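Here are my notes on this model. Please keep the sequence and the 3D view open as you read.

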Amino acid sequence: MVDSIEPAGAVGSSGVVDRAGTLVDPEPAATAPDEFRAPPEPLAHPSRNTRELPQASAGGVADLLDASPLGVALLTTSGRFLHANDTFCALTGYSLLELRAMDCAMLTHPDDRAGMQRLLDELAAGRRANFVIEKRDRRKDGAVIWVEHSVSVAHGSDGAPPHLIALCREITDRKQSEEALRRTEAQLEAELASTALLQEISAQLLGEQTEQAVYEKILDAAVSIMHADFGSMQRYHPERGPVGELKLLACRGFSPEAEQFWEWVRPDSGCSCGAAFRTRERAVAAEIERCEFIVREDRAAYLRAGIHAAQSTPLIARDGSLLGMISTHWRAPHEPSKNELRLLDILARQATDLLERTKSEHLLRMSERRFREMIDALPAAVYTTDAEGRLTHFNPAAVEFSGRVPELGSDRWCVSWKMYRPDGTPLPHDECPMAVALKEGRLLRGIEAIAERPDGTRIWFIPYPTPVRDAEGRIVGGINMLVDITERKQGESALQASEERHRALVSATASIVWTAAPDGSFAAPQISWEEYTGQAWDAHRWFGWTEAIHAEDRQAFMLAWSTARERRSVYEARGRLWCAPLSQYRHVVARAAPVLNGDGSVQEWIGMCTDVEVQWQAEERLRDVERIESVGRLAGGVAHEVNNQMTVVLGCADYLLRSDLALADLADVKHIRQAAERSAAITQQLLAFGRRQLLRPDVVDLNALLTDMSTVLQRSLGPDIAIELRLAPSACSVMADAGQVQQVVINLVLNARDAMPQGGTLRLETKQVLLPDQEPGSGRRELRPGAYCLLTVSDTGCGMDAATLGHAFEPFFTTKPFGQGNGLGLSSVYGTVKQSGGDIGVESEPGLGTTFKLYFPKADTEAASGQPTTRAGSPGQSAALLVAEDDVAVRSMICRALRDAGHRVIEAGDGQEAIELLGEAGLSLDLVIADVAMPRMGGLRLSEYLAQARPEVPTLFISGYPGSDMIARGLFRDGLPFLAKPFSPDALVMRVRQLLEGRVRTGDR
């Protein structure tokens, strides 16, 4: 028996009753459904003509029931069993004792229970005297059987309550025969109906090669079968919209407008497709204008397309899901015949099979693609094999894991690998996990093994081989995931070593490790505390430990301790603690963390006091550096006034020395000048100390610079490191600050020295290159095409790994031990090279040394050494000069020196006044000398004005401010002609002459 048998019905004295207990009119036996047909052998209904149960003893009634050849049961009107004969007990499989504890609902199949109960209720209410029902019952062994029940009401005498008498017989064989007959008739009918037309269609479908052509053939067949004028076939796309949409696959007779209208159909659409979409049943609109489920908008679309009748048949898969839709349309109202619809159903099944097949193939392809994508995305190594173990697929992680690319279809990894057991012994090929899994057809888990790569490195891994079986259970392949546990193994070894080191560290550490009670007292002797502070156990027990803290810091320690204890948070305090071995107080950092119980209370404190005296001293030195920086800023502020005054003093002293003075006066003036020069030198030293001086580039020959430095560099490297100079045959002239280039070389040389503690070779090489070219290993070049000079610094030292190489130029990054480097060397090298308009690259491998490649723009030596152009201010000619200086004494000295040199001089107190003077008509001008910082308008703004008004007039900037401060404040730009105060009259006249002769290049001092 199975649960899919069709629903039961019932036949009663007043009609046929269905499974729900509803009374219906019986139809002729030839056309009535099987469940409503009268049984071939009607049951006799005892007491059908009487309403009373004859008086009999209990034993007599039992004998009467037991003697019946049918199953007989006596029940209450509520359906509880009172008695049943042996036939009934055998039919149900229950004993009489078990039945008396049950009711008829417990025997009835759940799908037939409601109809049975309704009939019992009608008997109890007196609305019927008896009924006959065919329903499914469950036997005690779980089997489902069909049983015909004839139930009547029997009234007892003397007011006894009525009972029910049920006569039962099993009709399972008959129901199965009827079901088989129906299926045979339906199959025969379908075969007869579709023999001619559908055979022709099937033959056409078999001859088509593409899916779209098959869809077209199915649609043509539907139009032909239904004698329709139009047709459409759609496919369901679940990803469209909340519940999916129907996509038009093919159509016949549609206008472009109609084809566009039905391109996509939603389930809420008011057309026949939408109705069939919603209900999953065929929707027929025999007359569009009168059809209720077609809404106005779709009705208008139908009529515009010339359609007046339509039907849509959903294509339902075997799992009940919607696959698509076949629709046919007519130009006139049309009611499809039963034969047309029957043929259409057969065609729909063919279309459904086709769509299911294509859907399955699509899903299979998608599944396989997603499976491969999933495997390829996994970080673990995964590969698949056939039943023989030959490789069929592998992911990128597997290639990285194995160190090679295997050959699909022939490579067997477990054979071509060298594998070992955890104890280091070789693992035979036939015992490798994948071979065992395929041979024995079982999963292997928890096995650790070692694989050796082609390069000799070994990997610890855990394999997860799994056999793959087909539907019949045969092994067709395998899949294996290899989890690399090398790091875990290394971590376990490292952890074990770390624990050993930790135990040794706790024993040997200079820090004080201690434990305290919840209130912070020492409840047990603290050995490391006693060794550091010299306090014996009697002295540091309980809170005696506070006496070892410096008196000035004791309150801060206790306040931090109280706060941490109240909040049960981490305790931290800084201060001075007595160090007995050194007989002095030393700065320490005390930290402790609470160990909590399950209820959140503190069990104990575990803490450490770390001696940070060296760190504290370093912080003090940092504060000293900050103070020095303040001194530098102060020096920059003082320099302006001092340099202004020293300019005047030096100028006046020069003029006095040129005059006719007495010998004693001449000596005094010389002393004055020497004192002024010393004062100016002290100012320059202060500026250099505070790093406020302005550095400027010049033409530097790298060959000459390296040759000059070689002796000094050799002394820095020591006797164990040899220097090789490989210089270009011609000069490698670059535009850079010579001091900065020297510092770059020194930084790289010192780094090379540290990388070769056992000695080695340092090679310095220069050559000229033209970019872009195929210069190998040029590093991270970001250079414009052109001529460059390449400086290469190579060593044979320990080299750097990839991780270190990636951080090489980052500031403060260093691999040197603490206190032996600040990590600024290479970052300053990088900044200097980039500031000079070049770039730097580095190549290095562990054990193979390091090579730095520095690209500097090649200097235009011809332009630098070219002949000067003659200007109006050449020697022997008078030039028109404008001097803008706010300090009267300095301006007076400058103007005097220039007039003595034969120049015409115009004086201005600031840039604004200079502009006003330049605005006068007919005023010629050859050069402007401007102080950088002046009231109202400084020299830079004045030069910007001149660049617009008189671009042919150059400007010489003068200032007593340090160069970096001027640039930082926006008063000056690096690279402009500049003369720093203090200067002598001769120096001023010479610089003016150079500018007028065109000899000064941008950036000269």
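1. Trp542 is partly exposed, at 48% relative accessibility; that class lies between buried (under 20% relative accessible area) and exposed (over 50%), with a 1.4 Å probe and protein chains only. Trp542 sits in the loop between α17 (537–540) and α18 (554–567). Its phi is positive, about 55°, although Trp542 is not a glycine. Helices here are DSSP runs of H or I with at least four residues, and strands are runs of E with at least two, numbered from the N terminus.

2. This is a predicted model: local features need pLDDT of at least 70, side-chain atom pairs count only at pLDDT 80 or more, and totals for chains, interfaces and linings use all residues. Residues are numbered from 1 along each chain as its sequence is written, and side-chain values use heavy atoms, leaving out hydrogens and water.

3. Arg280 also has a positive phi, about 60°, and is not a glycine. Look for Arg280 in the loop between α9 (272–279) and β12 (283–285). Arg280 is partly exposed, with a relative accessible area of 37%.

4. Now the helix pair. The axes of α27 (residues 911–918) and α28 (residues 939–949) come within 9 Å and cross at roughly 25°. Axes are lines fitted to C-alpha atoms over the stretch in contact, and angles run from 0 to 180 degrees between N-to-C directions. So α27 is roughly parallel to α28 (an angle under 35 degrees).

5. Which residues of α27 meet α28? They are Gly911, Ala914, Ile915 and Leu918, and they meet Leu942, Tyr945 and Leu946, with contact meaning heavy atoms within 4.5 Å.

Definitions and conventions:
Parallel < 35°, antiparallel > 145°, perpendicular 65-115°, else oblique.
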